[in-house]
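Here's a quick tour for anyone opening this structure for the first time. Have the sequence and the 3D view side by side, then read on.

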Amino acid sequence: MISRAAWMLGLLCAAGCGLALAHSAPSSFVKLSFLPHSVQAEVLVPESELAFATAAESASEPFAEYLLRHLSAETPQGARWSAKFRSVRSISYLEHAYLSAQVEFTPPPGASARAFVLVDDAITHEVRNHVVVVLARGDTNPEVLGALQYPERRLTIQRPATAAINH
């Protein structure tokens, strides 16, 4: 015979699973365009997930500063690339409110713009089930390069020299 407490616990768990499945948590996207001497990134961050990720922070800071604290590129040997925040705007994407930021990454002298490590934990440092999908922009369809989810925050990007340069 199942005790009343066990029955209630089972009912609460079932209800909780239903609520968890009902919430559609949007992913972040990093769309990379490879240029001869730099990489341009369009970074799409869902506003709802950003609110969760920044809720524990005591001081609010401009989104550009926040993003550049959590997003970077470096050579495979660990030398940091320069990053310039170009712009940000609010958009609707996949039926969710997103911030779309344009960031330009430039490798240090002598390093290739085709091989680097992308570092991103803008949301995943606090929202552990969040996924960051990294894409290469192409002439027709984007190519999935990989995804990041806690605890992973680093993705090695290796583009062949013969791959078409896209804008």
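Is Glu 95 buried or exposed? Glu 95 is exposed, because its relative accessible area is 79% (exposed means over 50%, buried under 20%, and partly exposed in between, using a 1.4 Å probe and protein chains only). Keep in mind that this is a predicted model, where local features need pLDDT of at least 70, side-chain atom pairs count only at pLDDT 80 or more, and totals for chains, interfaces and linings use all residues. Residues are numbered from 1 along each chain as its sequence is written, and side-chain values use heavy atoms, with hydrogens and water left out.

**The overall picture**

- The protein chain has three helices and nine strands; these are DSSP runs numbered from the N terminus, with helices being H or I of at least four residues and strands E of at least two.
- The protein chain has 167 residues, and 40% of them count as buried.
- Among contacts in the protein chain with a separation of 6 or more, 63% are between residues 24 or more positions apart; contact here means heavy atoms within 4.5 Å.

- Ser 92 sits in strand β4, which covers residues 82-93, and counts as exposed because its relative accessibility is 62%.
- Ser 92 and Pro 46 are 46 residues apart along the chain, with 9.2 Å between their C-alpha atoms.
- Leu 94 belongs to the loop between β4 and β5 (96-106), and its phi is near 50°, a positive value in a residue other than glycine.
- At 54% relative accessibility, Leu 94 counts as exposed.
- Glu 95 is in the loop between β4 and β5 too, and has a positive phi of about 65° although it is not a glycine.

**A cis bond elsewhere**

- The peptide bond from Tyr 150 to Pro 151 is cis, with omega near 10°.
- You'll find Pro 151 in the loop between β8 (143-149) and β9 (154-158).

**Glu 74 and its partners**

- Glu 74 lies in strand β3, residues 71-74, and counts as buried because its relative accessibility is 12%.
- The side chains of Glu 74 and Arg 154 are joined by a polar contact of 2.4 Å (a pair of N or O atoms within 3.5 Å; within protein, one must be able to donate a hydrogen and the other to accept it, and residues adjacent in sequence count only if both atoms are side-chain atoms).
- Leaving out neighbours within four places in sequence, Glu 74 is in contact with residues including Trp 81, Phe 116 and Val 119.

**Cores**

- Nonpolar side chains tend to be buried together in soluble globular proteins.
- The largest nonpolar core has 31 residues, and those with the most contacts inside it are Leu 32, Val 43 and Phe 116 (a core is a set of buried Ala, Val, Leu, Ile, Met, Phe, Trp, Tyr and Cys residues joined through side-chain atoms within 4.5 Å).
- Apart from that one lies another core of six residues, among them Phe 29, Leu 44, Ile 91 and Val 133.
- Not counting residues up to four places away in sequence, Phe 116 touches Leu 32, Ala 73, Glu 74 and Ile 157, among others.
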